[in-house]
Structures are given as C-alpha cells and as structure tokens.
Amino acid sequence: TYAGAGQPLAAARLASRAVAASPRLAFFVAEQYRLAGDFARALRWNGRGGGGDRQARQRATIFLAAGAWHRAATTLGGLLRRGKLGARGRYRLAYAALKSRRLELARRALRGAGELHSIRRLRSALAACAKNPADCP
C-alpha cells in the first residue's frame, strides 16, 4: 500500500475516493494528509469523520504537528474535562498549554499524569516559566 510505502499523499488521494462508501475512512485520509504535512486538508477530512473523542484526538494531533499550540491545548482540554485523557494525552496537553503560555491549564494537565522522565522535565519547565516568563519555551 502507499501508506506502508511511506507515500502518505498518494494514500490519502486514493483512500479519499472510498470515503463515500465508508465514512470511517475519513480519519485515515486525514492522518495521511497530516503525515504529508498538508494540515489544512487533514483538518477538513478530520471534520468528515463523524465527531466524538476519536475526532478530537486526531484534531489535536494535527494541531500539534502544525504547531498550533493554543488550538491543540483547547481541543485536548475538552478531552481532559470529559475524563478522556491518559498520561500521554495529559503530557501532550501540558506541552501545548506551556507552549501557548496557558500555565494553569498545563498544571491541571500534569496532575495525575504520573512520574515519567519527560513529565518531570515538563514540570520543571513549567516551574521555571511560572517564576520568570522569559524562561518560557
């Protein structure tokens, strides 16, 4: 397949033709466009996926890949409020919130996120940013 061969743009174009028969393929198409770096198309196809937590998670992944930190934090924050984020999702939310200087949201995300090395580093960066905003990433 094109996706397996590292050709996400070709995979997206081919699969987009089959979405009418199987709307769930819209998520696959969106992912292939994200991998190809075409974030606008990825978001459009993500919007055809039918909603729900799966759509929100993929949308957040697209925003993260595009460096749209505020939008990623907002999307992941909604999942956090609904109790739908595990440790990895909390880390992603905290990172996006820190990058968009939403420090309280980053703190909330890190509560209950565990003690992985990457999470400890993020907590340290958050503390430095709170003390001196010039130290924010």
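Predicted model: local features only at pLDDT ≥ 70, side-chain atom pairs only at ≥ 80, totals over all residues.
Me: Why is Tyr 91 called partly exposed?
Reply: Its relative accessible area is 26%. Buried means under 20% relative accessible area and exposed over 50%, with partly exposed in between (1.4 Å probe, protein chains only), so Tyr 91 counts as partly exposed.

Me: How many aromatic pairs does a search of the whole structure find?
Reply: The search finds two. Rings of Phe, Tyr and Trp (its six-membered ring) pair if their centres lie within 6.5 Å; planes under 30 degrees apart count as stacked, over 60 as edge-to-face and the rest as tilted.

Me: What makes the pair of Trp 69 and Tyr 95 edge-to-face?
Reply: The angle between the planes is 75°, and over 60 degrees counts as edge-to-face. The centres are 5.5 Å apart. Trp 69 lies in helix 5 and Tyr 95 in helix 6 (residues 87-99), so the pair ties together parts 26 residues apart in sequence. Helices are DSSP runs of H or I, at least four residues, numbered from the N terminus.

Me: Why is the pair of Tyr 91 and Tyr 95 called stacked?
Reply: Their planes are at 25° and their centres 6.5 Å apart, so the pair is stacked.

Definitions and conventions
Residues numbered from 1 in each chain as written. Heavy atoms only, no water. Helix = DSSP H or I, 4+ residues; strand = E, 2+ residues; numbered from the N terminus.
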